[in-house]
Amino acid sequence: MPDPVYGDQKVSKFVNHLMLDGKKNIAYSIFYNALELVGQKMKDNEQSPLEIWKTALDKVTPQVEVKSRRIGGATFQVPTELRPERKESVSMKNLINFARKRGGKTMADKLANEIVDAYNEQGGAFKRKEDMHRMAEANRAFAHFRF
């Protein structure tokens, strides 16, 4: 189902990841407040806060990940490409988890700061994506174990 304000399914999916203990209204209010704060922080930007959020989400979306595969008594980190649904899910979870770990007063404030950092290619979620890509690159020699 699309969300009530923007009519976007991606927003609903993000709010579902953000929600704790089935408190969807609270999750929606946190998300919308965070977008409001993003709009205030980035006034000079010509994009709307929703577009900034989507761009930030794209910037923290990993293309590959490593999976442990046990072959002949040895465990290898095998790089595998991600399915589009999993890419979206991983990027949303990373953005939310790093926002939760952040220092700040409210969750909306933390989430807004993480979105702005991701948009500027900084912050924990972006660093996590870079680390995933670096691990996959380092273990590229084991890519032939994919099956």
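Me: How does F142 count by relative accessibility?
Reply: Start with the cut-offs. Buried means under 20% relative accessible area, exposed means over 50%, and partly exposed lies in between (1.4 Å probe, protein chains only). F142 has 26% relative accessibility, so it counts as partly exposed. F145 has 17%, so it counts as buried.

Me: What kind of model is this?
Reply: This is a predicted model, where local features need pLDDT of at least 70 and side-chain atom pairs count only at pLDDT 80 or more, while totals for chains, interfaces and linings use all residues. Residues are numbered from 1 along each chain as its sequence is written, and side-chain values use heavy atoms, with hydrogens and water left out.

Me: How many salt bridges does a search of the whole structure find?
Reply: Side chains of opposite charge can pair when their charged atoms come close. The rule for a salt bridge is a side-chain nitrogen of Lys or Arg within 4 Å of a carboxyl oxygen of Asp or Glu. The whole structure holds ten salt bridges. One of them joins D117 and R102, at 2.7 Å from N to O.

Me: Which parts does the pair of D117 and R102 tie together?
Reply: Helices are DSSP runs of H or I with at least four residues, strands are runs of E with at least two, and both are numbered from the N terminus. D117 sits in helix α5 (residues 107-119), and R102 sits in the loop between α4 (84-101) and α5, so the pair ties together parts that are 15 residues apart in sequence. D117 is buried at 16%. R102 is partly exposed at 24%.

Me: Where do R134 and D131 lie?
Reply: An α-helix has 3.6 residues a turn, so residues three or four places apart point the same way. R134 and D131 are three residues apart in helix α6 (residues 123-138), which puts about one helical turn between them. Their side chains form a salt bridge at 2.8 Å, N to O. R134 is exposed, at 52%. D131 is partly exposed, at 28%.

Me: Which residues do salt bridges with shared partners join into one network?
Reply: First, one more pair. E137 and R140 meet in a salt bridge at 2.8 Å, N to O. E137 is partly exposed at 46%, and R140 is exposed at 56%. The network that comes from shared partners is made of R102, E114 and D117.

Me: What is the nearest side chain of opposite charge to K110?
Reply: For charge, Lys and Arg count as positive and Asp and Glu as negative; His and the chain ends are not counted. K110 is in helix α5. K110 is buried yet has no salt bridge. The nearest side chain of opposite charge is D109, 8.8 Å away.

Me: Which residues are in contact with K110, leaving aside neighbours within four places in sequence?
Reply: Contact means heavy atoms within 4.5 Å. With those neighbours left aside, K110 is in contact with A99, R100, R102, G103 and G104.

Me: What covers the buried residues of α4?
Reply: The cover includes α1 (9-18), α3 (49-59), α5 and α6. The buried residues of α4 include M92, L95 and I96.

Me: Which residues touch the most other members of the largest nonpolar core?
Reply: In soluble globular proteins, nonpolar side chains tend to be buried together. A nonpolar core is a set of buried Ala, Val, Leu, Ile, Met, Phe, Trp, Tyr and Cys residues joined through side-chain atoms within 4.5 Å. The largest one here has 33 residues, and F14, L18, F31, W53, L95, L111 and I115 touch the most other members. α1, α2 (24-41), α3, α4, α5 and α6 each supply at least two residues of this core.

Me: How many aromatic pairs are there?
Reply: A pair of aromatic rings is described by the distance of the centres and the angle of the planes. Rings of Phe, Tyr and Trp (its six-membered ring) pair if their centres lie within 6.5 Å; planes under 30 degrees apart are stacked, over 60 edge-to-face, and the rest tilted. The count is nine. F14 and F31 have ring centres 5.4 Å apart and planes at 55 degrees, so this pair is tilted. The pair links distant parts of the chain, with F14 in helix α1 and F31 in helix α2, 17 residues apart. Both F14 and F31 are buried. F142 and F145 have ring centres 6.4 Å apart and planes at 20 degrees, so that pair is stacked.
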